[in-house]
Amino acid sequence: MRYVKLPSGNFEDFFNSLRGIGQIYGPVKEGKTHHFRRVEEAGEMDLKYTRTMLPPKKFFVRPRERLFSLEDGWWRKEGDENPFVLFGVHSCDVHALKILDRVYLSEPVDPYYAERRKSAFIVGISCLPDELCFCKSLGTHFAMDGFDLFLHELPDGWLVRIGSVRGHEVVWENARLFDEVSDEDIANFKAFEERRAEAFKRELRSEGLADTLDLAYNSPVWKEYAEKCLACGNCNLVCPTCRCYEVCDRWVDAYRAVRERRYDSCFMESHGLVAGGHNFRPTRLDRFRHRYYCKSYFDPSAGFNCVGCGRCDEFCPAGIEHVKVLDEIRGSLE
Amino acid sequence: MNPYESHPARILEVKDLTPREKLFTLRFLDEKLNEEFTFRPGQFVIVDVPGFGEFPISLCSSPTRSPIQLCIRKAGRMTKFIHGMKEGSVVGIRGPYGNGFPMEDMEGSNLILVAGGLGMAPLRSVLWYALDTGRYEHVWLFYGTKAYEDILFRDEVLHLLKHGSAMNCTVKLAYEIESPSCIYLEQGFSDRVCRGVVTDLFRGENFDIENSYALICGPPIMYRFVIRELLNRKLSPGRIYMTLERRMRCGVGKCGHCVVGTSVSMKYICQDGPVFTYWDALSTRGLI
């Protein structure tokens with residue numbers, strides 16, 4: 001990997017240089033929460049954020065998107081993507097995008113997702129965890145790839161890791177803004193990462209988790225939490241790796257129809273319903289358990305389906321905590 | 001290529017099978033596609049009625065015969081709509097999807113097809129494939145139905161009931177509701193037609209279990225009883241194939257509706273299935 005330094009004084013110029021790529025989206029504080037919004041000036045962003053409400057998946061798997069429009073009795077594909085910059089993505093969210101890639105870019109490739117992925121220039125940014133983050137226990141607290149540039153905070157600027165050819169190009173084109181990395185910068189980078197590693201308060205015991213959960217299928221803890229859960233589906237919406245969608249045709253007016261897909265949630269009763277009314281996950285307990293099993297799915301080549309961002313905890317109206325549920329399930333076996 | 005894009009196909013024929021099910025015969029408008037389209041018994045397609053929606057349906061015709069046929073039960077909004085469509089109308093078809101039955105692996109063996117109700121549709125594909133190719137030792141079809149009027153592909157089933165032995169095929173029927181037609185059938189074929197459930201049809205049959213495969217399709221409740229019967233006869237869990245149903249939206253492993261299993265074994269019914277062995281069911285929770 002190539003490393004360069006972006007001095008603090010050049011940050012705004014660097015930000016402005018990215019306009020050449022396309023529209024820039026970054027974390028903006030609104031009320032108590034942060035959101036990825038379209039930004040015109042670097043100053044609009046709040047880069048010292050912990051997590052946004054909706055993760056960057058909203059740019060790739062949209063909450064609602066048109067797949068086709070009906071013209072002259074048959075479908076015409078929708079969507080032409082303009083290049084855009086996603087500024088300030090945390091490493092857990094970079095990992096989450098890689099999980100989405102595994103699904104949407106595997107054969108057959110989802111063309112809508114693939115086009116957006118190609119159109120996106122991703123600038124990662126380092127962060128400090130709060131009491132809900134548990135990405136370290138899942139190994140998603142540091143991204144080795146999946147970004148174009150990654151900025152790590154230094155006392156007097158940013159250490160930039162270059163993760164793609166396009167990232168190289170941006171740095172070459174703006175060479176005047178970057179310095180070589182000094183020994184002092186490396187020492188600062190190391191110190192920052194060590195301080196960060198120590199700052200995690202929450203830990204998910206991930207060893208053997210998949211098997212442990214499988215063995216605890218009938219644990220009474222599931223029932224206890226399913227009764228507490230409101231089945232609102234918030235956790236699905238804010239989860240950076242939840243990707244279930246529903247497809248529906250909608251008439252725009254008497255002559256035109258569109259086929260859309262929108263986020264769906266495995267907490268909805270309709271999720272496991274089939275024609276004729278049989279439901280494969282009829283109770284809230286079934287649905288609650290299903291989500292935890294899905295998030296804890298372990299792929300030997302890619303890890304868990306959860307990146308430890310803490311969103312499901314922060315935005316759960318019933319105050320259910322992911323790690324606590326899994327710990328109690330594990331505890332019920334011991 | 002856009003995997004969500006369907007190809008226009010004309011409805012050549014609509015035939016009433018029962019009061020609830022119709023048989024649709026379809027042909028793609030694109031001639032090249034008609035030539036190229038092939039599938040394995042047990043695979044499904046997604047039918048697209050532009051402006052109304054899509055739904056998954058098993059192919060009930062055999063790849064050895066064209067054109068393609070779909071047996072559609074009026075079960076919801078979409079299927080009710082397509083039941084109202086006439087010959088000459090155009091719908092979209094995309095697929096085929098899923099794994100299908102491993103027909104090549106089973107060559108030279110006995111096939112025990114166990115169908116319950118609408119489960120006859122995908123197994124009809126297997127049945128005709130097996131009889132057309134003649135690559136299988138003997139084919140049994142055990143078909144459980146509610147009433148005489150509910151027998152899907154009645155002409156074909158009754159024809160095989162009478163003349164199947166010439167094709168190394170034994171058809172047996174179980175019905176729940178008594179009617180004059182059923183009693184008449186039972187009188188004619190007392191060894192092969194009875195009032196009861198589909199597992200009753202196993203009585204009196206001796207299979208060469210080492211050389212047999214069972215292929216099951218029916219309502220969820222049926223699997224437990226049929227599998228118990230097969231296991232009692234010492235059929236290996238790896239030789240029991242079942243085709244399963246879920247709410248498949250995309251058909252290509254993206255939308256997540258058909259995901260089953262737990263953290264150690266998650267499966268997409270649309271891609272990893274819809275055909276699974278009983279062994280898969282033993283190692284994947286929630287499969288059946």
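**Figure 1. Area buried between domain 1 and domain 3 of chain B.** In this predicted model, domain 1 of chain B and domain 3 of chain B bury about 570 Å² between them, with carbon and sulfur atoms giving 61% of that area. Phe44(B), Pro56(B) and Tyr97(B) together supply 59% of what domain 1 of chain B buries against domain 3 of chain B, which is more than any other three residues contribute. The contact draws on seven residues from domain 1 of chain B and eight residues from domain 3 of chain B. Chain B as a whole is divided into domain 1 (7-97), domain 2 (110-243) and domain 3 (244-288), and the centres of domain 1 and domain 3 of chain B, taken over C-alpha atoms, are separated by 23 Å.

**Figure 2. Polar contacts and strands at the interface of domain 1 and domain 3 of chain B.** The count of salt bridges between these two domains of chain B is zero, whereas two residue pairs, both at pLDDT 80 or more, are in polar contact across the interface. On the side of domain 1 of chain B that touches domain 3 of chain B, at least two residues each come from strand E3 (44-49), strand E4 (53-58) and strand E6 (90-97) of chain B. The residues of that side of domain 1 of chain B comprise four nonpolar, one polar and two charged.

**Figure 3. Strand E1 of chain B and its pairing with E2(B) and E6(B).** Strand E1 (residues 7-16) of chain B runs antiparallel to E6(B), to which four bridges join it, and His7(B) is placed opposite Ile93(B) in E6(B). E1(B) also pairs in the antiparallel sense with strand E2 (residues 21-28) of chain B, here over seven bridges, and Ala9(B) stands opposite Phe28(B) of E2(B). E1(B) and E2(B) form a hairpin, with four residues lying between the two strands.

**Figure 4. The interface of chain A and chain B.** Contact between the chains involves 46 residues of chain A and 39 residues of chain B, and the area buried between them is about 3,400 Å², of which 56% is given by carbon and sulfur atoms. Within chain A, the residues that lose the most area to chain B are Trp74(A), Tyr245(A) and Phe280(A), which together account for 18% of what that side buries. Five salt bridges are found across the interface of chain A and chain B; in the one formed by Glu54(B) and Arg259(A), the closest N and O atoms are 3.2 Å apart. Polar contacts across the interface of chain A and chain B number 25 residue pairs, both residues being at pLDDT 80 or more. Elements giving two or more residues to the side of chain A that touches chain B include strand E4 (64-71), helix H2 (91-104) and strand E10 (245-251) of chain A, and E10(A) gives the most, with five residues. The residues of this side of chain A divide into 26 nonpolar, eight polar and 12 charged.

Figure 5. Most residues other than glycine have a negative phi, and most peptide bonds are trans. The peptide bond from Glu107(A) to Pro108(A), however, is cis, with omega near -5°, and Pro108(A) is found in the loop between H2 and H3 of chain A. In chain B, a cis peptide bond joins Ser66(B) and Pro67(B), with omega about 0°, and Pro67(B) is located in the loop between E4 and strand E5 (68-73) of chain B. Ala231(A), although not a glycine, has a positive phi of about 55°, and this residue lies in the loop between helix H8 (220-228) and helix H9 (234-238) of chain A.

Definitions and conventions. Residues numbered from 1 in each chain as written. Chains lettered and ligands numbered in written order. Predicted model: local features only at pLDDT ≥ 70, side-chain atom pairs only at ≥ 80, totals over all residues. Heavy atoms only, no water. Domains from an automatic or database assignment. Contact = heavy atoms within 4.5 Å. Buried area = accessible area lost by both parts, 1.4 Å probe. Salt bridge = Lys/Arg side-chain N within 4 Å of Asp/Glu carboxyl O. Polar contact = N/O pair within 3.5 Å; in protein donor to acceptor, adjacent residues only side chain to side chain. Nonpolar A, V, L, I, M, F, W, Y, C, P; charged D, E, K, R; others polar. Pairing = 2+ DSSP bridges.
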